[in-house]
Amino acid sequence: MYYPVSALLIEFLILSVVDTQDSYGYEISQTVKIVADIKESTLYPILKKLEKNGYLTTYSQEFQGRKRKYYSITDSGRQQLLYLHEEWISYRDTIDGIIEGRIRN
């Protein structure tokens, strides 16, 4: 079962994947698909946006006779990743608090 995933959460997931090692689009999509039912047609515009915002850079490398485009995180991307991680922890803790009955309005 998948819960709906926002574009911002997908950005967070992408930056997290690329932070551990440079990755290509299909590899990124397969990892994100573990938790989000997204299509490549959704993923690539987000990758483009992350690149435009300076969070990712790209380079091409040959793999089995074909060029493959790899994504690499920048220093700005790492700062954004840290920010999104802090936001995620706060969001997750609030949801857990509501579910566990610790938080009520």
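Helices (H or I, at least four residues) and strands (E, at least two) are DSSP runs, numbered from the N terminus. The model described here is predicted, so local features need pLDDT of at least 70 and side-chain atom pairs count only at pLDDT 80 or more, while totals for chains, interfaces and linings use all residues. Residues are numbered from 1 along each chain as its sequence is written, and side-chain values use heavy atoms, with hydrogens and water left out.

E2 is joined to strand E3 (residues 66–73) by 8 bridges, and Thr57 has Ser72 in E3 as its bridge partner.

Next come the aromatic rings. Rings of Phe, Tyr and Trp (its six-membered ring) pair if their centres lie within 6.5 Å, with planes under 30 degrees apart counted as stacked, over 60 as edge-to-face and the rest as tilted. The count comes to 3 aromatic pairs. Tyr24 and Tyr70 are edge-to-face, because their ring centres are 5.7 Å apart and their planes stand at 80 degrees. Since Tyr24 belongs to strand E1 and Tyr70 to strand E3, this pair ties together parts 46 residues apart in sequence. Trp88 and Tyr91 make a tilted pair, 6.0 Å centre to centre with 45 degrees between the planes. These two residues, Trp88 and Tyr91, are 3 residues apart in helix H4 (residues 75–99), so about one helical turn separates them.

Conventions. Pairing = 2+ DSSP bridges.
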